[in-house]
Amino acid sequence: MSQFSIYISVPDYLHQWLKNEYWNPETARVEFPRGSAPRAVMQSLLSKCPRVDISYHDHSGEIPVEVPTFKGINPRLYNHLPEAGKKALVSTIKRMFHHMMWRELSPLFTHDVQITDVIYAFMDRHGIERTEKNWETIRQMYHRMRKKTALQES
């Protein structure tokens, strides 16, 4: 296990989901499992820390993510993820969330269920706070997925 972390900014619902699903309380950071897409992104995009004046950076609001140890890549040297790499990592995390949401909610398409209840139950199950903003964000994602699926089936 590496002692290095990178810090990423994600929307509140993702921050809460990551802490619920991947948080290691002992190291106080997100740790993705071996073979996961986020680890593959980091393995490909980690670089040496640039030699610039290292000043204090406020990480409030950001979530720490473990820099894993990969075969042939020493995390003491390769522990920096450039901005483009962070964007790729966040994009990968969002896709993981979408896939998980689709797997769990798509079976409900054929049933007459109250969308409000379904989304709140989904949020509760995954440690996402019951705020209006989180609910509306997830509802919109769910709506877009259903709409896209309906268009593909026509």
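Rings of Phe, Tyr and Trp (its six-membered ring) are taken as a pair if their centres lie within 6.5 Å; planes under 30 degrees apart count as stacked, over 60 as edge-to-face and the rest as tilted. The model is predicted, so local features need pLDDT of at least 70 and side-chain atom pairs count only at pLDDT 80 or more, whereas totals for chains, interfaces and linings use all residues. Residues are numbered from 1 along each chain as its sequence is written, and side-chain values use heavy atoms, with hydrogens and water left out.

Six aromatic pairs are found in a search of the whole structure. In one of them, the ring centres of Trp17 and Phe97 are 5.2 Å apart and the planes stand at 80 degrees, so the pair is edge-to-face. Because Trp17 belongs to helix α1 and Phe97 to helix α3, this pair ties together parts that are 80 residues apart in sequence. Helices are DSSP runs (H or I, at least four residues), numbered from the N terminus. Trp17 and Phe97 are both buried, that is, under 20% relative accessible area, while exposed means over 50% (1.4 Å probe, protein chains only). One aromatic cluster is formed by Tyr13, Trp17, Tyr22, Phe32, Phe97 and Phe122.

Helix α5 also has buried residues: Asn134, Trp135, Ile138, Met141, Tyr142, Met145 and Thr149. They cover an arc of only 135 degrees around the axis, which puts them on the same side of α5; the arc is that of the directions from the helix axis to the C-beta atoms. On the other side of α5, the exposed residues are Glu132, Lys133, Arg144, Lys147, Lys148 and Leu151. The buried residues of α5 pack against α1 (12-22), α3 (83-105) and α4 (115-125), where contact means heavy atoms within 4.5 Å.

How values were computed:
Helices (H or I, at least four residues) and strands (E, at least two) are DSSP runs, numbered from the N terminus.
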